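Please look over the structure below before reading on.

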Amino acid sequence: MKLLSWSVIGMALLGAALPPVVGAQGKPLTVTGVRGVTFGAVFPGVPRVISRTDPANSGQFDIKGVKDTQVLLTFTLPTAMSGPSGAQLPLVFGASDAGYSQSQTIGSQIGFDPKQPFTAVLSKNGRGSVFVGATANAAANQRAGAYTATLTLTVTVLP
């Protein structure tokens, strides 16, 4: 039996804070990739599901801005991960594979469909976190190796 291993990278600068960006109405906003979705060992022909509530393997983005700011969360989702010699591993994002938490805790999320824009409000401290999960659908003859893809979260400050 072959063992496959791969992960989806949440941001190119995963774990590094991007400089604050001034959004609509001059409100500063920082989005930080905390961790990418990690699938770990995957077996050929067996889907590997990562829940948005998985504290070790779900992806996480932290948002920092002005308190009570309304933001629009929009994902650009990959349909597959790329691996050795151009191999592709299909990804599926379900209707509740993303979640938002004002308190930035994985257990207090409001679930949402990552394929649809979602409006959220930053906390009284101007913070929030977005969590994401996915399903990797390895084929029975899936090539072993490391697979990666880029998942992009766009955060827009609303008026």
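The side chain of glutamine 109 reaches the backbone oxygen of isoleucine 106 at 2.8 Å, and its side chain also makes a polar contact with the side chain of arginine 52 at 3.0 Å. A polar contact here is a pair of N or O atoms within 3.5 Å; within protein, one must be able to donate a hydrogen and the other to accept it, and residues adjacent in sequence count only if both atoms are side-chain atoms. The model is predicted, so local features need pLDDT of at least 70 and side-chain atom pairs count only at pLDDT 80 or more, whereas totals for chains, interfaces and linings use all residues. Residues are numbered from 1 along each chain as its sequence is written, and side-chain values use heavy atoms, with hydrogens and water left out.

- Glutamine 109 lies in the loop between strand S10 (98–101) and strand S11 (110–112), where strands (E, at least two residues) and helices (H or I, at least four) are DSSP runs numbered from the N terminus.
- With a relative accessible area of 14%, glutamine 109 is buried; buried means under 20% relative accessible area, exposed over 50%, and partly exposed in between, with a 1.4 Å probe and protein chains only.
- Not counting residues up to four places away in sequence, glutamine 109 touches Arg52, Thr53, Gly99, Tyr100, Ser101 and Phe131, a contact being heavy atoms within 4.5 Å.
- Threonine 53 is 56 residues from glutamine 109 in sequence, and their C-alpha atoms are 8.2 Å apart in space.

**Salt bridges**

- Two salt bridges are found in a search of the whole structure, each defined as a side-chain nitrogen of Lys or Arg within 4 Å of a carboxyl oxygen of Asp or Glu.
- One of them joins the side chains of aspartate 68 and lysine 124 at 3.3 Å, N to O, and this pair links distant parts of the chain, 56 residues apart, with aspartate 68 in the loop between strand S6 (59–64) and strand S7 (70–76) and lysine 124 in the loop between strand S12 (118–121) and strand S13 (127–132).
- Aspartate 68 is partly exposed at 36% relative accessibility, whereas lysine 124 is exposed at 63%.
- Lysine 115 forms a salt bridge with aspartate 113, with their closest N and O atoms 3.3 Å apart, and lysine 115 is partly exposed at 45% relative accessibility.

**Positive phi values**

- Aspartate 68, a residue other than glycine, has a positive phi near 60 degrees.
- Glutamine 104, also a residue other than glycine, has a positive phi near 65 degrees; glutamine 104 is found in the loop between S10 and S11 and is partly exposed, with a relative accessible area of 25%.

**Core and whole chain**

- The largest nonpolar core has 33 residues, of which Phe39, Leu73, Phe75 and Val130 touch the most other members; such a core is a set of buried Ala, Val, Leu, Ile, Met, Phe, Trp, Tyr and Cys residues joined through side-chain atoms within 4.5 Å.
- Leaving aside neighbours within four places in sequence, the contacts of valine 130 include Leu73, Phe75, Phe112 and Leu153.
- The protein chain has zero helices and 15 strands, and 42% of its 159 residues count as buried.
- Among contacts in the protein chain with a separation of 6 or more, 74% are between residues 24 or more positions apart.
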